[in-house]
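Please keep the sequence and the model in view while reading.

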Amino acid sequence: MSFLNSYIYYIGSFGLIFIGLYVILIKHNLIKVIVGLGILDTGVNLFLISVGYITKGTAPIFSRPGIDSEYMVDPVPQALVLTAIVIGVAVLALALSLAIRLYQHYGTLNLRKIREQRW
Amino acid sequence: MRRTVAILLLIILAVGISLSLAKIPFGVPKTKVGRYYINEGVKETGATNIVTSVMVSYRGFDTLGEVTVLFVAAIGLGAVLTTGTTREIKKTEPASLVLYTGCRLLFPLILVFGSYIFIHGHLTPGGGFQGGAIIASGFLLIYLGCRERRISRIASILAESLGGLTFVVIGMLGLVFGSYFLLNFLPKGTANALFSAGIIPIIYIAIGFKVGSELAGIIDNLIEES
């Protein structure tokens with residue numbers, strides 16, 4: 001159980017990353033591929049946050065004077081993930097707009113039926 | 001065939017990653033720089049939220065790059081979706097009375113809450129990116145509830161450009177008053193006060209305006225097209 005306790009966050013975040021990668025590799029529907037991209041994004045964010053975590057950690061905010069800074073978690077991955085979330089939203093929106101245009105052009109979202117995309 | 005190849009690839013990846021992850025212990029401090037920021041951040045930047053001081057002060061240039069990525073994504077979305085011909089607003093079924101009234105009631109409250117989040121970014125959890133996202137969610141609510149309302153394109157572009165310009169100009173002023181880009185040239189004040197931490201709240205307010213108007217513009221583009 002100690003193994004699970006110490007690695008459950010890594011396992012969970014990489015589980016999300018692998019689910020996302022599997023969806024991207026297997027699915028033929030473009031919307032499902034974009035959903036997989038979103039899941040992968042969430043997994044990466046969760047992994048970065050869990051790397052910076054400290055056991056019994058608190059947020060790195062000195063909300064009142066004299067607060068103990070012993071157990072504050074690493075602020076650097078949090079600052080990275082903060083922007084990564086917003087950028088992830090913008091990239092998803094960009095991907096969806098490309099999907100809208102593809103649908104208007106080919107009349108389908110199936111990647112097999114889109115001629116130039118056959119593999 | 002494709003499925004087996006993909007599963008094999010993922011298994012190989014999983015084995016490699018788990019072998020390397022086993023070397024990374026969970027729950028212990030790993031970087032010295034994070035500890036340095038926690039110990040010295042309040043003294044050096046005046047912001048009590050260490051994440052904010054990392055975002056805007058220590059790695060402010062990095063944040064400028066990330067804001068640019070967001071800007072490019074929003075511009076790309078507009079370029080892909082804009083057809084050039086002005087489309088007439090389609091007649092949609094109006095929202096129900098509950099949704100309509102609720103949106104009109106909630107919208108100003110959401111705006112105030114978002115502004116609170118990004119104005120107090122250096123004191124409490126929050127900041128420009130989060131406050132901007134909350135404000136954009138308020139605009140999404142307006143698009144759901146009052147379906148014929150549209151945000152003004154000019155006001156959106158103005159808020160976005162002013163936000164970006166404020167960020168860059170304040171960074172340049174650091175070169176004027178001191179030695180490097182994004183130097184904190186204003187007095188830092190006392191910690192835990194609203195007017196403290198020098199340029200950090202100003203930059204975060206600019207980021208809040210920029211992110212809010214960009215995400216609202218993305219919502220506007222997607223709804224106009226669909």
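How many residues does the contact take from chain A and from chain B? This is a predicted model, in which local features need pLDDT of at least 70 and side-chain atom pairs count only at pLDDT 80 or more, while totals for chains, interfaces and linings use all residues. Residues are numbered from 1 along each chain as its sequence is written, and chains are lettered from A and ligands numbered from 1 in the order in which they are written.

The contact (C-beta atoms, placed from the backbone, within 7 Å) takes the residues tabulated here.

| Chain | Residues in the contact |
|---|---|
| Chain A | 39 residues |
| Chain B | 45 residues |

On the side of chain A that touches chain B, helix H1 (2-26) and helix H3 (75-106) each supply at least two residues, and H3(A) gives the most, with 17 residues; helices here are DSSP runs of H or I, at least four residues, numbered from the N terminus.

A residue is buried if 20 or more other C-beta atoms lie within 10 Å of its own. Beyond its neighbours within four places in sequence, B:Val54 is in contact with A:Pro75, A:Val76, A:Ala79, B:Tyr37 and B:Arg59.

In H6(B), the buried residues include B:Gly128, B:Phe129 and B:Ile134, and their cover includes H3 of chain A together with helix H5 (97-119) and H8 of chain B.

Conventions
Contact = placed C-beta atoms within 7 Å. Buried ≥ 20, exposed ≤ 12 C-beta atoms within 10 Å, placed from the backbone.
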